[in-house]
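Please read it alongside the sequence and the coordinates.

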Amino acid sequence: MKDKIIKTTCCISGGGPAGIMLGFILARAGIETMVLEKWPDFFRDFRGDTIHPSVMEILNELGLLKEFLKLPHNKVERIEGDIGNEKVIIGDFTHLKTPCPYIALIPQWDFLNFIATKAKKYPAFHLLMETEAIDIIKDGKKITGVKAKNNEGHFEIHSSLVIAADGRSSTIREKSGLKKISSGAPMDVLWFSISRKETDSATVFGKVDLGRILIMLNRNDYWQCGYLIRKGDFEKIKNAGLNLFHADIVEIMPMLADRIGEIKEWEQVKLLTVTVDHLPTWHKDGLLCIGDAAHAMSPIGGVGINLAIQDAVAAANILVPACLNNSVEQNTLAKVQKRRMLPVRLIQRVQVFIQNNVIHRLLGKPGHITLPLPLKILKRFPVLTRIPGYLVGIGFRPEHIKTPDVLKTHSK
């Protein structure tokens with residue numbers, strides 16, 4: 001397979017939310033698209049599992065919402081937290097003017113499989129699993145494809161456009177020479193699963209007290225837990241031993257005392273190294289970066305998937321007419337960045353503010369905490385919870401589908 005060359009219009013490196021959604025929308029418009037996913041399937045635990053109201057509005061515009069909602073999922077209508085000894089509603093989605101005024105909690109692999117299955121109905125969509133883009137191909141300064149590998153060997157994919165949607169450690173971005181700027185992060189997150197009882201609360205837990213922060217997402221028969229730690233402290237925590245880790249978790253969430261022993265080894269605890277960064281320039285001639293490859297987000301608000309899909313929709317709205325006219329120029333790619341840079345940077349600034357002024361101050365602070373002034377205001381005036389509800393659920397500059405569906409066009 002060494003000398004094999006495949007040709008397509010658009011080659012997308014990465015089968016995450018940004019890559020799969022963009023591949024689907026491009027193929028839906030009749031543009032030959034090839035998506036490369038290096039793993040044999042989409043199953044990776046502790047990925048983002050939140051589908052936001054704005055994403056479900058996009059699914060509605062694509063005609064997929066009704067079927068999507070048949071997949072097993074949990075609804076989150078409000079973001080609630082136990083701050084010290086007080087329960088606070090931080091964000092309320094129920095007043096959003098959208099088909100689904102709530103967050104749907106669903107395993108990311110189910111979402112990706114759902115979109116990929118719909119995309120495969122279009123002849124222009126090609127998904128290559130266990131296939132990784134390892135380098136770029138250039139003709140002078142223009143990027144004209146990628147070098148790829150799979151179980152059969154190495155080969156080349158020549159394309160009019162390359163999309164880097166291969167995450168925060170993007171190989172294609174690195175090979176292109178595009179440089180990122182980091183905003184820093186004072187914390188990392190330890191993810192683990194623990195069983196859930198029917199008598200447990202059905203809501204999303206957020207517990208902040210005693211210098212610790214624990215997030216618990218309801219996944220029906222288990223809790224997906226995120227335990228925030230100071231950046232770089234994981235090795236120190238491991239060296240202190242599992243028993244102390246158990247005790248720390250139980251101290252902040254006593255209801256887990258009868259099941260914390262389910263965590264029997266450190267292999268059950270996954271480290272998410274939190275980074276917040278962005279590319280000043282998302283593109284080169286023949287290449288566009290989107291999603292985490294263009295801007296790695298903090299887990300605050302769980303907005304990473306939402307922004308990645310918004311990037312994909314915006315990119316498709318701009319790229320489809322250009323691809324159909326064979327006129328994808330660098331200024332076309334610049335329009336995508338111009339469209340998406342502002343909402344991304346605004347959300348990142350909010351995240352960095354919360355990281356540096358709230359989380360950094362709370363982590364490791366001894367004793368019970370009192371309710372910070374902003375949360376006192378939210379509790380005193382509940383109507384204000386609609387503001388964070390909108391920022392998380394819809395965000396800045398939500399995107400809408402403006403591209404055609406070739407199957408519907410041809411059926412007329």
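How many residues line the second largest pocket, and which of them lie nearest its centre? The lining is made up of 17 residues, and R212, Y227, I229, I237 and D248 are the ones nearest the centre. The model is predicted.

**Second largest pocket**

- The volume of the second largest pocket is about 300 Å³.
- Two or more lining residues come from each of β16 (222-230), α6 (234-240) and α7 (242-252).
- The element that gives the most to this lining is β16, with 4 residues.
- Sorted by class, the lining of the second largest pocket holds 9 nonpolar, 3 polar and 5 charged residues.

**Largest cavity**

- Rolling a probe the size of a water molecule over the atoms shows where empty space is left.
- The count of cavities of 30 Å³ or more comes to 1.
- The largest cavity contains about 70 Å³ of space.
- It is lined by 13 residues, with N306, L307, I394, G395 and F396 the closest to its centre.
- Elements giving two or more residues to this lining are α8, α9 and α11 (386-393).
- With 3 residues, α8 gives the most to the lining of the largest cavity.
- The class breakdown of the cavity lining is 8 nonpolar, 3 polar and 2 charged residues.

**Helix pair α8 and α9**

- Two packed helices are described by the angle between their axes and the distance between the axes.
- Helix α8 spans residues 304-324 and helix α9 spans residues 330-362; their axes come within 9 Å and cross at roughly 160 degrees.
- Angles over 145 degrees count as roughly antiparallel, and α8 and α9 are therefore roughly antiparallel to each other.
- The crossing in which α8 passes α9 is right-handed.
- On the α8 side, the residues that meet α9 are L307, Q310, D311, A314, A315, I318, L319 and A322.
- On the α9 side, the residues that meet α8 are T332, L333, K335, V336, R339, R340, V344 and I347.
- The contact of α8 with α9 comprises 10 nonpolar, 2 polar and 4 charged residues.

**Helix pair α1 and α4**

- Helix α1 (residues 17-28) packs with helix α4 (residues 108-119) at an angle of about 20 degrees, and the axes are 9 Å apart.
- That angle makes α1 roughly parallel to α4, since angles under 35 degrees count as such.
- The crossing of α1 past α4 is left-handed.
- From α1, the contact is made by P17, I20, M21 and F24.
- From α4, the contact is made by Q108, F111, L112, I115, A116, K118 and A119.
- In class terms, the contact of α1 with α4 has 9 nonpolar residues, 1 polar and 1 charged.

**Positive phi in loops**

- Most residues other than glycine have a negative phi, and most peptide bonds are trans.
- L210 has a phi near 55 degrees, a positive value in a residue other than glycine.
- The position of L210 is in the loop between β14 (205-209) and β15 (212-218).
- N220 has a phi near 70 degrees, again positive in a residue other than glycine.
- The position of N220 is in the loop between β15 and β16.

Conventions:
Residues numbered from 1 in each chain as written. Predicted model: local features only at pLDDT ≥ 70, side-chain atom pairs only at ≥ 80, totals over all residues. Heavy atoms only, no water. Axes fitted to C-alpha atoms, helices over the stretch in contact; angles between N-to-C directions. Parallel < 35°, antiparallel > 145°, perpendicular 65-115°, else oblique. Left-handed = near helix turned anticlockwise from the far one by under 90°. Contact = heavy atoms within 4.5 Å. Nonpolar A, V, L, I, M, F, W, Y, C, P; charged D, E, K, R; others polar. 1 Å grid on protein atoms, 1.4 Å probe; cavity = no way out; pocket = protein on both sides within 12 Å on 5 of 7 lines; lining within 4 Å. Points joined across faces, edges and corners; volume = space filled by probe spheres on them.
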